[in-house]
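I opened this model to look up a few strands and helices and what surrounds them. My notes are below, in the order in which I looked.

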Amino acid sequence: RPLTKLDLKGTGLVLMAPSAEKESLVLSRKEDLAKLDKRLEEFVADQVSDRPKSTEFVTGVNSISIADPKDRLSPDLATEYADLVTEEFVIFEIEVASFAMQSSTRAREVKATLEELRQFLGAVDGRVYETDFAGSGARAVLSSTGAKLKALVDDPRWWRRIVFFDKRPQFQTFQNVYQNFSISNSTITAPPGDAETICIIDTGVAAANPFLEKVLRTDISHSFLDGFTPDTDPVGHGSGVASLAAYYQIDMTAGGSNIASAFVVSARITNDDGQLDTIYTDDDGVHRVRQARLLSNILKDVVQHFRPLGVRVFVLSFNIVGHIWSQATQQLVPRNSWVARTID
């Protein structure tokens, strides 16, 4: 059965991720297992009580094995890990945590870990970009050499402090399905003047698109990435999402009538390649990143910008998947995404 906090009480162990049906990933608050040893000894020695100490733990666990450090990698990152550690430059996200009892201690330990990471990466091998603190941990964007990434995954000094590694979020582009479609065969009607305005947080919205020119509010659209305009969309993803938001579906038949039910406003958050980050090589030959931002923090800025303008509906269409916590079983364990936490 899935383990609970009660099962681990007094053992010095703490859940590193929500329990699955048959497997739980745990770690010890301290580097040794002295508390667990003591609890098991007390259980064995107690022949009198109906419920000796650690009954829940002993009856709920069949076996214990040592986890692989790579169990902290997301599925996408795990797939590409062998290649990434050979690269000169990698950008990724991490989740830093503390499992101390006191909240003040947890906050202090998380900040200390981030500072130690900055020193570990140095000025040439990488850097820590934006961080987002919440609860007992923090999320951060990092860049480093592949060798440094490997060290962060493999070195025991980071095992209990960096609990998760993830790739940067990415959009999936639309394919050109309707090869024979002609816009001249369609009737396009703008929404009513009092229609809702829906914010599309995406790759941009193409104002030149005939379906979108009557629904896109270019007057308040905004790019949250410097150097890019909100009313263009080289990738095509945001425009497709905007069409669904404004029309729900597009009538592609000859003579089809398309009546929009909402306006849209573009909150562009990616570059022309659909990436959150713009990577470049500096004059000194070092790879650097412009505006490496956490998606959770971008969302806060988007809402704070558009809410005073009367926008109440926001659409985010990133591809975010479950996370693997056991390479042996390939078992998916649900996690509380920082993006979902921000939306909540």
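**Entry 1: strand β3.** I kept in mind that the model is predicted. I started with β3, residues 90–97, and asked how many of its residues are buried. The count is 8 of the 8, so I noted β3 as largely enclosed by the rest of the structure. I then sorted its side chains by direction. Val-90, Phe-92, Ile-94 and Val-96 point one way, while Ile-91, Glu-93, Glu-95 and Ala-97 point the other way. Both groups are buried, and I noted that the two glutamates, Glu-93 and Glu-95, are among them.

**Entry 2: neighbours of β3.** Which strands pair with β3? I found β5 (residues 137–144), which is antiparallel to β3 and joined to it over 8 bridges. Across from Ile-94 I found Ala-140 of β5. I also found β6 (residues 162–166), antiparallel to β3 as well, with 4 bridges. There, Val-96 has Ile-162 as its bridge partner.

**Entry 3: the cores.** I looked up the largest nonpolar core and found 24 residues in it. The elements giving it two or more residues are α4 (75–84), β3, α5 (103–121), β5, α6 (146–154) and β6. The most comes from α5, with 5 residues. I checked what Phe-165 touches beyond four places in sequence, and the list includes Phe-92, Glu-93, Ile-94, Leu-149 and Leu-152.

**Entry 4: helix α5.** I counted 19 residues in α5 and a reach of 27 Å from first C-alpha to last, close to the expected 27 Å. Its buried residues include Val-110, Leu-114, Leu-117, Phe-120 and Leu-121. I asked what the buried residues of α5 pack against. They pack against β3, β4, β5, α6 and β6. After the helix comes Gly-122, with a positive phi near 70°.

**Entry 5: helix α8.** I ended with α8, residues 295–306, which has 12 residues. From first C-alpha to last, α8 reaches 16 Å, close to the 16 Å expected. Its buried residues are Leu-295, Ser-296, Asn-297, Ile-298, Leu-299, Val-302 and Phe-306.

How values were computed. Residues numbered from 1 in each chain as written. Predicted model: local features only at pLDDT ≥ 70, side-chain atom pairs only at ≥ 80, totals over all residues. Heavy atoms only, no water. Expected span 1.5 Å × (residues − 1). Buried < 20%, exposed > 50% of the residue type's maximum accessible area, 1.4 Å probe, protein only. Pairing = 2+ DSSP bridges. Core = buried A, V, L, I, M, F, W, Y, C linked by side-chain atoms within 4.5 Å. Contact = heavy atoms within 4.5 Å.
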